[in-house]
Amino acid sequence: MKSFNYHAPKDVKDASKLASSNSAFLAGGMTTIPSLKLGLATYKDIIDIKNIKKLSGIKVSGKSVTIGATTKHAEVASSKEVQKAIPALVKLAGNIGDAQVRNRGTIGGSISNNDPSACYPSACMALNAVIHTNSRKIPAAKFFTGMFETALKKGELVEAVEFQVPEKADYQKHPNPASRYAIIGVFVAKHKKEVNVAVTGAKSCVYIDKDLSKKLSSSFSSSAIEGMKVDDSEMNSDMHASSEYRANLVSLYAKKAVEAC
Amino acid sequence: MASLVGSRVERKEDGRFLQGKGRYTADINIANQTYAVFVRSPHARAKIKNIDTSKSLKSSGVVGVLTGKEIAEDKIGGLIAGWAIRSEDGSEMKVPANPPLAKDVANFVGEPIAVVFAETLDEAKEGAEKVKVDYKVLKAVVDPADAMKSEAIHDGVDKNLCYDWLLGDRKAVDEAFAKADKIIKVDLINNRLVPNAMEPRACVVDYNSASEEITLYTTSQNPHLSRLVMSAFGGVAPENKLRVVAPDVGGGFGSKINVYNEEIVCSWASKKIERPIKWVAERTESFLTDTHGRDHVTHAELAVTKEGKFLGFKNETIANLGAYARVFGTVTPTYLFGPCATGVYVIPAAYSNVKAVYTNTAPVDAYRGAGRPEATYTIERLVEKAAMELGIDKTEIRMKNFPTEFPFKQTLVHTVDSGDYVAGLEKAKQMADYSGFEARRKKSEANGKLRGIGVSSYFEACGIAPSAAVMSLGCGVGLWESAEVRFNPTGQISVFTGAHSHGQSHQTTFAQIAADELGVPMENIDVVHGDTDKGTFGMGTYGSRSLTVGGIAIVNACKKIVAKGKRVAAKMLEVNENEIEFKDGEFVALKSNKKKTIGEVAFACYLPGQRDEMKSPIPEGDEPGLIESSFFDPANFSFPAGSHICEVEIDPDTGNVKIEKYTAVDDFGRIVNPNIVEGQVHGGIAQGIGQALHENTQYDETGQLMTASYMDYTMPRADNFPEFNLGFTCTHATSNPLGVKGCGEAGAIASPPTVMNAVIDALGGQEISMPATAEKVWKACKVMKKSNAKAA
Ligand SMILES: Cc1cc2nc3c(=O)[nH]c(=O)nc-3n(C[C@H](O)[C@H](O)[C@H](O)COP(=O)(O)OP(=O)(O)OC[C@H]3O[C@@H](n4cnc5c(N)ncnc54)[C@H](O)[C@@H]3O)c2cc1C
């Protein structure tokens, strides 16, 4: 690992002042530290944001669940309030990686990194989340822009993620047996007016499967999507899974999610 | 006194390891040490045109940079193949030179090219980045099945062929096949595995320029052997000037048998730069450069009668050696594989033909089971397929072909001294509720799932020793084992063993057997291993040999202690030696019932000064002291055997395979500590299930290792396993006085075919290769659905 300057600011203002084109925020470090160690990334300044109190914690109101950026997966997985409001989110967080990763990794780190096989981005998409940053509010649909890419500007800090509480929701995941990231993750959320089926792991970036969402919006039952073929043309094909297999899993897990709702 | 052998004594090691008090090589630091970082080939095959070290030498903190040129100039030898195997045509095997630092050509990704020493690890890394190597990239040979048709990667090794070896009688096999009602055939790939010891390799070298002595702390399964190899073949230092210490070692599985490039280079360089050197592998280096396991491509056939009697067996295998032949590299796919490939069966005619090829991949060597898992997979897939094709129950066909009399002269090489294969399989059937399987299958079917059951019966030849046998098969040394038992004057005992414990719990097992022999509490006994300056000599630990060879040396040394003790006690008690009985730690004069404890006798052996007592307790012809040693070389291998049964359930929608039940019944002869043996079986089964369902080493066509981290290489985890259902049968080994057989590898030998037979059973007999990943199984389920639809 190349040496760097380590900063641990106490508030968001200081953190953003320290940010430059050669810096990175450090949350759980589950992605950042391995990439530093492997020499895949080098920074002059590492800005540890875990001491910023405001960034951590969970707020639940009738309509929304807001999770602070540095809140750990394990905290979400064990939150009684979230369990009451959006149990699917608790399930998702509880199945991320392994216990060590859940006790370090954060929601802010997860969505800022936007790994194509991360779980949280699908929840953001399906639950019409709004990403609060230190300068603006970004709807999830505009936040995840591509593989490991987001709408965040250099030095922009995610403060919290605000999820809309759905009528029903479920998350189904086929884990990669090695890393336990999602080979496929399907988040189905039934809102008052629409149903969102968000898919992660299948393509270069999380997306809403419009066909499945539409079908389920008109009739929310697994039989409505029975036998529906998912197009695999843009899907990832790698040593862990072929595009054909991924497409099969998307339709299968969409059905399972609806049944579990 | 109750016997300790056979009881569930808690492990002496647990306290230390569970509290993080182990002392591993990476925990050792020497004042003034430098840090080594190796420059490694990024290419699978490349000519090294030029190495420019000038920038690196100027880099901050760099103390020295060395390359293959300097090591060649100093005439330091390379890595060796420990077994000489001959081809069928009588020619000697072809072994290319394997220099510690590649000088002219690099032959696999990760092969060391140069080394940088610096004041800190970061500076060494930085320095390594500044070594500029000019490569000419050549086309890599990666696939073992194509190796013989590809360009030769080593000078003088035609067709990349190390040897074309035959064991058995082709003509007899042809005759047997001509008489068969049916020929069963399989094409198998035994997938390459990365050993993944929890502790990555490491070494710390301390050179003393005054005494010219090198101390090497290293992650080795066999420190004495390492010293021998480094001294005799590496020319690093004479044996008496080289001390090798293997302290706590965090798992080996075969991957820490070899002396590696890094140990030779650092030992040599420490003398050159006159500074201590520390090197610790990163996980990626372990993936790339630890010796891998398995990697066979096999076509095998079994000739059978309608009734299911086996008549003949043939085995044509291509074994991938990787880039170089290492210590057990050439014997693993021959004598450790071929003889066991006929399994636990009476098969009148058989042969195994193995072509070992070089490829531009990491060297392949012994990995838990070494050859015997590959053998068992071959025969047990054939047997299971035969049962299916002949419509005979899979346990019945096995029973039909088991030998019923022992010693059993196996078709190729071995004479198995003892066993009861029928009893093992019967017990396994009962414990697995074999007869209730059909009902469980129906229940799964009703839930839309596929259920399968698989059996595998195995035997293996381990406890590798009989020196005469292994040397006649091409081993460069005899594989006996040594022990020394030292009674200290005040009664504690140090037991030195040449075996090495890196997870096998020798501190406990060996203390149990010595305590029983000497009639003292275990707590009085310390088992010492892993330091060439302490023990006399030893061959180390692999091939499930520690107890059956090393343990017996301890027993024999203890017997010598007792024999001397008797003579001394007789003199002390003023009776004849034959009037003394040794029992429960006491020498008893039978007539008078006067006694001396072994502690008192030991004390007396050291001649404590006793005023007015003029008579020495040492009989004439004996010397003072109570220290005895023994070198044990058994007359035969030991032959553990058993039957395992696995039941799986498959979700055809995802292809996920769930192991519902796993039953293992093993015969390890007499068991010293059931806890430890069960632990060994658990670990072995876990590794075997890893091979069957999860672990998938993949090189791309250019020879890059695609699965070089835990993000891509699937290590099995606790949640992949059910609770293992273990049982034992017991027939004593006749080749050693304890009647023990090895247990370290059995789980990994028996389990891959057991699991695969179950998966294939669930898939209606459809062949599928290891690892049976979810996607592969899903595809097979689709084929099955289609053919079922057609049939209906
Ligand atoms: C073995 C393993 C298994 C995993 N399995 C899963 C899985 O199953 N599902 C899943 O979803 N994820 C998985 N992960 C990812 C993990 O859960 C983390 O979410 C992820 O590694 C990043 O989170 P972090 O908090 O550690 O962020 P860091 O590593 O600290 O940061 C990641 C990136 O985000 C930036 N960043 C962090 N916080 C902010 C912020 N508040 N504002 C702006 N930028 C920020 C950092 O600068 C960095 O670029 C796994 C990771 C590992 C190592």
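In chain B, among contacts (heavy atoms within 4.5 Å) between residues at least 6 apart in sequence, 80% join residues at least 24 apart. The model is predicted: local features need pLDDT of at least 70, side-chain atom pairs count only at pLDDT 80 or more, and totals for chains, interfaces and linings use all residues. Residues are numbered from 1 along each chain as its sequence is written, chains are lettered from A and ligands numbered from 1 in the order in which they are written, and side-chain values use heavy atoms, leaving out hydrogens and water.

Stay with chain B. It holds 20 helices and 28 strands. These are DSSP runs, numbered from the N terminus: helices are H or I with at least four residues, strands are E with at least two. The radius of gyration of chain B, taken over C-alpha atoms, is 28 Å. The globule rule, 2.2 Å times the number of residues to the power 0.38, gives 28 Å for 792 residues, so chain B is as compact as a globular protein of that length. Its C-alpha trace spans about 100 × 75 × 50 Å along the principal axes. Of its 792 residues, 62% are buried, meaning under 20% relative accessible area; exposed is over 50%, and partly exposed lies in between (1.4 Å probe, protein chains only). The accessible surface of chain B is about 29100 Å². Carbon and sulfur atoms own 51% of that surface. Such areas come from the Shrake-Rupley method with a 1.4 Å probe; for residues, only the protein chains shown count as cover.

Polar contacts are pairs of N or O atoms within 3.5 Å. A polar backbone atom of Gly29(A) is 2.7 Å from a ligand oxygen. A polar side-chain atom of Lys173(A) lies 2.8 Å from an oxygen atom of the ligand. A ligand nitrogen is 3.2 Å from an N or O atom in the side chain of Ser112(A). The protein covers 91% of the 960 Å² of accessible area that the ligand has on its own.

Last, Ala77(A). This residue sits in helix α3 (residues 73-77) of chain A. Ala77(A) is partly exposed, at 26% relative accessible area. Beyond its neighbours within four places in sequence, Ala77(A) contacts Val90(A), Ala93(A) and Gly94(A).

Note on methods. A polar contact is a pair of N or O atoms within 3.5 Å; within protein, one must be able to donate a hydrogen and the other to accept it, and residues adjacent in sequence count only if both atoms are side-chain atoms.
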